[in-house]
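Dear colleague,

Please find the structure that I am handing over to you below. My notes on it follow directly after it.

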Amino acid sequence: MKRSHTRLAGLVLLALTNAIALGGALWNRSGEPQARMRLTERELQRFEPWYGNRENSGLTLRLRWRTLVEERTAADFYSLRYGSSGGAPGWLDRAKMESLGFDTSMLAAYSERARKRYEKQLPREVLLVLELDGAAYRRALELTRERVDGELAKPFIAGDRAAEERRKSLRETLDWETSRSSRLFVVDAGTDADALRAKYQDRARYAIVRGEARPWAAGAGSGRAAGIVDSVSVASINVPLRLRGVLAGVQALDYAPAPRTPFDATVAWGRRFEPWLVEAARR
Amino acid sequence: MSASSRSEAQQRADEIRAFRAELERLEREGVLVLAPEQRRAVEAHHGELLAGYARAFDIDRDAEAKQLSLGMRVASFLGALALAASVFFLFYQFWGLLPTAAQVGILLAAAFGTFLATLLVQARDPTGYFTKLAAMVAFACFVLNIAMLGQIFDITPSDKALLPWAAFALLLAYACDLRLLLAAGILCLIAFISARTGTWSGMYWLYFGERPENFFPAAVAMFLVPQLVDHRRYPGFGAIYRVFALLSLFLPVLVLSNWGEISYIDADDKIIEGAYQVLGFAVSGGAVWLGAKRHWPEAVNTGLVFFVVFLYTKFYDWWWEIMPKWLFFLVIALTAVLLLLVFKRVRTVRVGAAG
């Protein structure tokens, strides 16, 4: 290969690839954002750099999203404060999974083999609807309050240290859900962005994002198919230099007992459902 | 014959050296004696060729120089990897302290600058060692360029990024005769083809590794490249394609022969594992046969290694728990002896047939 040909081919390749990447980013941020949410330290958490990457000077915020699982197990209940996300929400039923492209026919007659075949299907990319401080969060709060009130109403022997610790932990869990847990819930999924936007029109409360769902046959033996919201494709949001001063000091660990640094941050999602940080300020 | 690359020139120089040694031996044994004018003509021709190669490619002219070259190759390989890692961590250390425009500017300047610098170094470096260093840094800068743009602008991860990375690595590999960059390009291509294969079933591309069968089309494609594209000007390139093709075939088969549940095939796990075990023996044996037939030592060696791995994996499954350890290892040793006898026999038959 002649050197001039190599140079030309290389330069064209570099220029074209960068043009596509930068053009895509510009296209995403052009025009009116498809959603613009005012989030707080409850929904955005500083990303903790992994051990070998401590020299990374970049600052990234992690979007803390959740799903509403009505039949919450005891383990899930006590892990609330650890910011767990994902899970199998009630709305991700068999009909919804079929609409997302998953084959649920094998579950017509439920068996262990049918469950394995169903769950063998790998995650698919879908569009997820994020709801901020809406009905899903209110329901989650209500469920926690019911559970805590029910537990606290049970008789206990004064001086029983284990019982007292447990009651203290229950109150902390309710406090956590009331004032510290994320209010951002995945409330729906689909493959048609226009149809989802028509259903969820409030752009300050609902954002459409890319994510993945995977099959999960809930309740072995019941034959009910369901899915799990596996992840949100872009859950890490880069902090540009102009906002670094505001967000550099916020805590990375969300389950630390110390009070968190309060802040408000506006996040927008563009034409390609990719987010960016618009502004941020300490409260 | 004019050589177009250092490896081609080195191969010809080695052949000339071997020819001279053999000619000297034949003359000593009285089998062949060249007339003085013939000898002079051959020596002049070879001398001219070697001098030309030395000027253009700085080839190794004797065994000592060749040994030193091996050390230099190892040093340049390690240096290339370390320099690429250094560039990566250097950017990571400071990028957060720069405004977005400066971040993008530095990434673009690094990608374009190191590419042009590689071409400049190549024009002034007949040995190729410094070109390898520069090319590896250029590739690392391009990977960093696209990966960091994704991070700066919160772009959704895409398998499509693998394609320009593969194209860039292959461009540098072919332009600068660099096997390290060829391997990098092939790896990117294998990942891209496997991810695309996975998405045909509807899955999200990042999960392509969870179904090892996704690698099979990539294995076939890599195997066919040196068959369909003439690589005589690039010694060793065809072998690298074949090695990666065989690895893309054997490793998934090895995984599936032990974990049938992650196969696409809708059947009992034990049946899937059994089928892939049989396939493993068949394709590794086939690779040895084909490699011996087509004079591809890399195919023979890779096939042999995996044939033995498949065999020992089965031995472990069958006998590790039930046999005393001394007997288990004795069986393995006897199997190795048996394999030696089989290959000796095959070799004798082949030599006889050739004779």
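Predicted model: local features only at pLDDT ≥ 70, side-chain atom pairs only at ≥ 80, totals over all residues.

Residues are numbered from 1 along each chain as its sequence is written, and chains are lettered from A and ligands numbered from 1 in the order in which they are written.

Contact between the chains. Chain B contributes 40 residues and chain A 37 residues, where two residues are in contact if their C-beta atoms, placed from the backbone, lie within 7 Å. On the side of chain B that touches chain A, the elements giving two or more residues are helices H3 (63-94), H4 (100-124), H5 (129-152) and H6 of chain B. Helices (H or I, at least four residues) and strands (E, at least two) are DSSP runs, numbered from the N terminus. H4(B) supplies the largest share of that side, seven residues. By class, that side has 29 nonpolar, seven polar and four charged residues (Ala, Val, Leu, Ile, Met, Phe, Trp, Tyr, Cys and Pro count as nonpolar, Asp, Glu, Lys and Arg as charged, and the others, Gly among them, as polar).

Helix pairs in chain B. H6 (residues 162-176) packs against H7 (residues 179-199) of chain B at about 155°, with the axes 8 Å apart (axes are lines fitted to C-alpha atoms, for helices over the stretch in contact, and angles run from 0 to 180 degrees between N-to-C directions). H6(B) is therefore roughly antiparallel to H7(B) (angles under 35 degrees count as roughly parallel, over 145 as roughly antiparallel, 65 to 115 as roughly perpendicular and the rest as oblique). Residues in this contact include Trp165(B) of H6(B) and Phe192(B) of H7(B). The contact of H6(B) with H7(B) comprises 15 nonpolar residues, one polar and no charged.

H1 (residues 6-28) and H2 (residues 36-57) of chain B pack at about 150°, their axes 10 Å apart. H1(B) and H2(B) are therefore also roughly antiparallel to each other. Among the residues in contact are Arg6(B) and Arg12(B) of H1(B) and His46(B) of H2(B). This contact has eight nonpolar, one polar and two charged residues.

Sheet in chain A. Three strands form an open sheet in the order E1-E9-E10, with antiparallel pairing (two strands pair if DSSP finds at least two bridges between them). E1 (35-40) and E10 (275-282) of chain A stand at the edges with a single partner strand each, so one side of each has no neighbour in the sheet. The twist averages 20° from one strand to the next. Seven bridges join E9 (residues 263-269) of chain A to E10(A), and Val267(A) has Leu277(A) as its bridge partner in E10(A).

With kind regards
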